[in-house]
Amino acid sequence: MTVTTTPAPAPAPGAFAARAGGSRPLAGTGTLLRFALRRDRVMMPLWIGVTALMVLSLPASLKSVYGTPAERAVLAQQMLANNSLRATYGPVFSDSLGGLTAWRIGVYAGILAAVMSLIVVVRHTRDEEESGRQELVSAAMVGRRAPLTAALLAALVANGVLALIVTGGLAGQGAAGALALGLAIGATGMVFATMAAIVAQLTESGRLAKGLTGALIGAAFVLRAAGDSATDDGSSALTWISPLGWLENLRAFADERWWVLLLFAAAVAAQGAAAYVLAGRRDVGMSFLPTRPGPATGRLGTAGALAWRLQRGAVLGWSLGFLAAGAAFGGITKGAADLVGSNAKTREIIERMGGQAGLTDAFLAAMVNMLGMVAALYVVSSVLRLHGEETSQRAEPLLAAAVGRLRWAGGHLVLAFGGTVVVMLLGGLGLALGYGAEYGAILGACLVQVPAVWTLGGLAVLLYGLSPRLAPGAWAAAGLALLLGWIGPALKIPQAVLDLSPFGHLPRLPGGTMTWTPVLVLTAIAAALTAAGLACLRRRDLAT
Amino acid sequence: MTKAISVAGLHKSFGTTHALDGLDLEVEAGEVHGFLGPNGSGKSTTIRVLLGLLRADSGTARMLDMDPWTDAVELHRRVAYVPGDVTLWRNLSGGEVIDLYGRLHDGGRARRGGRGGGRAGGLDPARRADLIERFELDPTKKGRTYSKGNRQKVALVAAFASDVDVLILDEPTSGLDPLMEEVFQKCVREERDRGRTILLSSHILSEVEELCDRVSIIRKGRTVESGTLADLRHLTRTSVTAELTGPPNGLASLPGVHELDVQDAGVRHDGVRCKVRFQADSDKLNAVLRSLTDSGVRSLTSTPPTLEELFLRHYQDDVRADDRADGSEETVTR
């Protein structure tokens, strides 16, 4: 075969000059955006769908419980009068179905939008740099500002779609109110998207950036809760500091205050600009909070010690979070007890949240149940550390040393299952401290949740043991349990479906009667799932 | 000599991909064995089977007379491994990782009160310090701040400092600079002198040529050549260039002479009539040289085959075969 070479046509001088002139900081943004949306094609629709479902299902379920305007007016009055419930949900600005929907779910939908946004933004900025993939991308025809812009645009697309679905779905309750709630939820998402963009410039690790932004969302919630507990019209300065306070102060379905949208716009613009300035002042992969050097020699000597070293931050964070959340719930419960205890409508609400008779006990039981379902997220994330260690190839040299697979996995599983007990006990301690009584009963009730959490942990071990590809399915299982427990009863889902969640089988404590059968059965199921998962792990090939 | 590693007829598939297709590998105790093959030929898969990370579909694999799958933990006390792509925990310093691996290899023995009472973390502290200095590694940096080469140094220091019998090195120098490459080669020789067995997977042929006693070349999951470098050279051709004072009578018809090129030099004052250039099969070299001297040799250069040529010969056969197979389609698509 002969090779003929044809001389390449000389580039026209003009074309060359155009390419050389200007660094085109946004070149490639469109490609990166499409790529980001493709990578998020499962997570984003799922997250948006669940959030929208929560919001859109509410008018119907509110209507089924509070059928007449008079009943709704009583509900609104009572909810507005109690400062604990104001701290939980915010003040009620309107007793229309739309107004009650915005009150009951607005802030929580905003939080879900915020968490989605922070994950999207950090995933496509700091995570990419940390993994080194960004270098490869930046070396292509990609402008300096394109990655951050693409990440923010991806968040904008997600929040925009969510706002659109909420607006369309609630339009029947009043077009203006629906638009206001949709925009408020989407704008809250964008405020935290740009906040995450700033934090991602500061840290070297994506995990830390997500954690810090998550803490900022928590702080926004606490500020709003404190402000709303002090005033009943959202006028407290504390409420106005929090973006979640802006969300409620837009007053969807209650004579909307459209100018509040300007606050969102100003915050997004200012934070976005700050993120671009910071990003422009640092090198790829670098950060403003550099890593400090570590010790030259180490004391780690076993796989178990390594597992503790890798997971101790998470265990500590979850423990403190549960203690604080428990204390906040406990304080709210104490306030709820002050509420007119004989009011049937209020009690009905609390009972719908999963409680039984006995108002405060029902409230406490609901809170304990909520802690248990959130602890399922802990156990799944802790078990799936194994998955992360394997797929990142860090497990390979460990298992090539004198460490058996069971000992390696065992170290992480002790932390997952033992950590569940610690986290639940601290949540219970916080709850009891906040409530100021019933220490034994509350701690006991928290321990009763543990077998259900373990069951989900066991499922995670089994899925991981079968194949690393199946492992992320454990998140879906924990998410489903949370969804069924939280909004299942309100949606009147058939009992057979609700029974899929291990939490549905537990006795309602405190207040209900303790039954040992479900506790023992769930413990046995968790043990069997874990054993089966470990047996599979021993037999299969490691991911390479 | 006993076999440190003995693999026969190893098969391993991932779905429809046949990664290992009857691979054989014999590594003598105390030798440095080069494991050569193009990307995707099954080197890393073989190593992962030897480490008990993957389970072979069929065939036998033994290391230090143990089964890599069932005796994994016991075997790994005596084996250190350096992967080609080292990943570290981002919040652990290099020093911590080195000591962790040291203890994981040796911890059992130390705890049972065996040897090395005064050891820091299963590693000999003097050897550890010496290696860190020679590789110019900063052990206080955290995992995420190391470059690829430095991550490899962390794994190399941990492996060389461990008291093991077998070192398995999977493309260990792909991120090292030439100076560090030299340090690495020196360390490998020291390890061999201490009687350790080393399996060195590599495609840096000069490194293999420099270090290895024997090599195995694999292609598409199968061993195609195995032996000492001298053995392998016998199987291939030597390039010869000679200036002759007479015509190269009969050279063209001699068995073992390939790609003969004769240049007439005209009439030169030194009597050289022609210049010949050819490839000779190494085992026919004797007859070929006799024929040359018959024609009168004025000057002679002969170059032994390099490992590159050896390697490329196998690899190119492959490429040519592929070309032939795909040829018709390619012409259409082009």
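What radius of gyration does chain A have, with its 544 residues? Taken over C-alpha atoms, with the globule rule being 2.2 Å times the number of residues to the power 0.38, the value for chain A is 26 Å, which agrees with the figure near 24 Å that a compact globule would have.

This is a predicted model, in which local features need pLDDT of at least 70 and side-chain atom pairs count only at pLDDT 80 or more, while totals for chains, interfaces and linings use all residues. Residues are numbered from 1 along each chain as its sequence is written, and chains are lettered from A and ligands numbered from 1 in the order in which they are written.

Select chain A, where there are 25 helices and zero strands (DSSP runs numbered from the N terminus, helices being H or I of at least four residues and strands E of at least two). Its C-alpha atoms fill a box of roughly 95 × 60 × 45 Å along the principal axes. Of the 544 residues in chain A, 51% are buried (20 or more other C-beta atoms, placed from the backbone, within 10 Å of the residue's own).

Next, select residues 166-170 of chain B, which form strand β6, and note that five of the five are buried, so β6(B) is largely enclosed by the rest of the structure. Val166(B), Ile168(B) and Asp170(B) point one way from β6(B), whereas Leu167(B) and Leu169(B) point the other way.

Finally, show residues 197-202 of chain B, strand β7, paired in the parallel sense with β6(B) over five bridges, where Leu200(B) is the bridge partner of Leu169(B).

Conventions:
Buried ≥ 20, exposed ≤ 12 C-beta atoms within 10 Å, placed from the backbone. Pairing = 2+ DSSP bridges.
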